[in-house]
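Let's take a walk through a protein model, starting with a pocket and moving on to some packed helices. Have a look at the structure first.

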Amino acid sequence: MQVVSISSLKGGVGKTSVTLGLASAALAAGIPTLVVDLDPHADATTGLGVTAGDKPGIGEMLKNSRRAQLGDNVVPSGWVANDRRAKNQDPKHQPVLDVAMGSAFSGIYDRPDLGRRDLKRLSTLLSRVSGYGLVLIDCPPSLNGLTRMAWTASNRVLLVAEPGLFSVAGTERTMRALELFRTEFAPNLAPASIIANRVRSGSNEHTFRLAEMKQMFGDLLLSPTIAEQANWQQIQGAAHSVHHWPGESAKQAAGTFDALLKNLMETGSVRNRVIRRAS
């Protein structure tokens, strides 16, 4: 089971959009996937078309991590009902895209002084979960407790950045922070990868910053980059999967996320084998 944290130090770079795009690609590929919405704003939960019911959110489960059963409290994404395959398949073989709902209550853990015991709360919850090939954790845009809790539970971290000066500088700072965190708390965590988001092909500034990112981060910068898409807010506002949205631009975006997911799964499998041999 690949557990991947999608993180950024800077807000507004499209971190949740990348999470939703990868979840859409996983659903289309038939990979059983769980999205853990660790951001107290719960935007991923909204974008995945989840209707709040009587089940607890991730914050409440973190508080009771020793006893809470995450698998019993996830809810299916509303996207599954729009998947054409789901309408024609036996219920036992329907695509799986589940959500651990975001919760404002999780904000009590988003502080800089979170202890080692608290950092393991999400790991404890996920240790009792099975049946998924991929877990995507949407982190808040900070390096406080919730993000470090996600890193502790993950075997891979994706950093989302726009090709702009402040975002690139923030990504470099996050990389340094992550290396320190790996040394102290998570030695088996793979080096972070970076996704360039909202890239405008006709922008000289974006072209320059992308070249700078390639020089700074080398192979850690994943391919392909994600182009800026004018109707992305409309897709998210409709709580819809990009793979089921009409139009050529959505089709191209879906293809980008398919390629990124393939890259993520393949390189993640290789890195996991290397780590297991080394340990």
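## The pocket

The lining of the largest pocket splits into eleven nonpolar, 18 polar and six charged residues. Here Ala, Val, Leu, Ile, Met, Phe, Trp, Tyr, Cys and Pro count as nonpolar, Asp, Glu, Lys and Arg as charged, and the others, Gly among them, as polar. That lining has 35 residues, with Gly14, Ser17, Asn197, Arg198 and Trp232 nearest the pocket's centre. A lining residue has an atom within 4 Å of a pocket point, and a pocket is an open set of points on a 1 Å grid over the protein atoms alone where a 1.4 Å probe fits, with protein on both sides within 12 Å along at least five of seven lines.

## Where the model comes from

This is a predicted model: local features need pLDDT of at least 70, side-chain atom pairs count only at pLDDT 80 or more, and totals for chains, interfaces and linings use all residues. Residues are numbered from 1 along each chain as its sequence is written, and side-chain values use heavy atoms, leaving out hydrogens and water.

## Helices that meet

Arg148, Trp151 and Thr152 in α8 meet Thr174, Leu178 and Phe181 in α9, where contact means heavy atoms within 4.5 Å. By class, that contact has three nonpolar, two polar and one charged residues.

Helix α9 also touches α10: Leu165, Val168, Thr171, Glu172 and Met175 in α9 meet Glu205, Arg209, Glu212, Met213, Met216 and Phe217 in α10. This contact has six nonpolar, one polar and four charged residues.

Key: Helices (H or I, at least four residues) and strands (E, at least two) are DSSP runs, numbered from the N terminus.
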